[in-house]
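User: Hi! Could you walk me through this structure? I'm new to this.

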Amino acid sequence: MDDDAKNTSRYRAGVEVRRSVLGDPHVERAEAAATDFDRPFQQLITEAAWGTVWARPGLSKRERSIITLALLAALGHDEELAMHVRATANTGASREDICEAFLHVAIYAGVPAANRGFKIAKEVFAQMDDAHA
């Protein structure tokens, strides 16, 4: 990505929000792993997802986190779901919030999707608890 792309206000806002949600280590790993092939994709998600949608004032990071978790569970995006469960340490979404979101997934997207979401969240919580012990 060239310096002009990094200097847009939407990109800068995206980096700030992305770091606040996912944490500096995650963003630094993603940036370090970017190649010429996927750098345009990294720019796109930084600007669109983080600098546009997540940066909007209408919902809190907690609310956006809960919505994101429900959508990822419903769609079966396991790796992204695990990443966003870890991000709840930064967004303020509680384990109770996640449980409620997955109950909605069970009704509106299916029990298997919710079951998988609960399984992934429990694994991530165990890892988080071990890291804090």
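This is a predicted model: local features need pLDDT of at least 70, side-chain atom pairs count only at pLDDT 80 or more; totals for chains, interfaces and linings use all residues.

User: Got it. What covers the buried residues of α7?

Analyst: The cover includes α5 (61–75), α6 and α8 (111–132).

User: And which residues of α7 are buried?

Analyst: Those are Asp97, Ile98, Ala101, Phe102 and Val105. Looking down the axis of α7, you would find its buried residues within an arc of 130°, so they line one face of the helix.

User: Why would residues that are spaced out in sequence end up on one face?

Analyst: An α-helix has 3.6 residues a turn, so residues three or four places apart point the same way.

User: Nice. Which exposed residues are on the face turned away from the buried side of α7?

Analyst: That face carries Glu96, His104 and Ile107.

User: How many residues does α7 have, and what comes just after it?

Analyst: Helix α7 runs over residues 95–108 and has 14 residues. From its first C-alpha to its last, α7 reaches 20 Å, close to the 20 Å expected at 1.5 Å a residue. Just after α7 comes glycine 110, with a positive phi of about 115°.

User: Let's switch to α2. Which of its residues are buried?

Analyst: The buried residues in α2 are Tyr11, Gly14, Val15, Val17, Arg18, Val21 and Leu22. Helix α2 is followed by glycine 23, which has a positive phi near 95°.

User: At what angle do α2 and α6 cross?

Analyst: Their axes cross at roughly 95° and come within 6 Å. Angles of 65 to 115 degrees count as roughly perpendicular, and α2 and α6 are therefore roughly perpendicular to each other.

User: Which residues make that contact?

Analyst: From α2 there are Ser20, Val21 and Leu22, and from α6 there are Met83, His84, Ala87, Asn90 and Thr91. Sorted by class, the contact of α2 with α6 has four nonpolar, four polar and no charged residues.

User: I clicked on valine 85. Is it buried or exposed?

Analyst: Valine 85 is buried, with a relative accessible area of 0%. You'll find valine 85 in helix α6.

User: What is valine 85 in contact with?

Analyst: If we leave aside neighbours within four places in sequence, valine 85 is in contact with Leu69, Ala121, Val124, Phe125 and Met128. Another pair to look at is valine 85 and glycine 117: they are 32 residues apart along the chain, and their C-alpha atoms are separated by 9.7 Å.

User: OK, now α5. What about threonine 68 and isoleucine 67?

Analyst: Threonine 68 counts as buried at 16% relative accessibility, because buried means under 20%. Isoleucine 67 is partly exposed, with a relative accessible area of 41%. Beyond neighbours within four places in sequence, threonine 68 is in contact with Trp54 and His84. The C-alpha atoms of isoleucine 67 and isoleucine 98 are separated by 9.4 Å.

User: Last one: what does glutamine 42 touch?

Analyst: Not counting residues up to four places away in sequence, glutamine 42 touches Arg18, Ala30 and Ala34. Glutamine 42 is found in helix α4 (residues 39–53) and counts as buried at 14% relative accessibility.

How values were computed. Residues are numbered from 1 along each chain as its sequence is written. Side-chain values use heavy atoms; hydrogens and water are left out. Axes are lines fitted to C-alpha atoms, for helices over the stretch in contact, and angles run from 0 to 180 degrees between N-to-C directions. Helices (H or I, at least four residues) and strands (E, at least two) are DSSP runs, numbered from the N terminus. Angles under 35 degrees count as roughly parallel, over 145 as roughly antiparallel, 65 to 115 as roughly perpendicular and the rest as oblique. Contact means heavy atoms within 4.5 Å. Ala, Val, Leu, Ile, Met, Phe, Trp, Tyr, Cys and Pro count as nonpolar, Asp, Glu, Lys and Arg as charged, and the others, Gly among them, as polar. The expected span of a helix is 1.5 Å times one less than its number of residues. Buried means under 20% relative accessible area, exposed over 50%, partly exposed in between (1.4 Å probe, protein chains only). The arc is that of the directions from the helix axis to the C-beta atoms.
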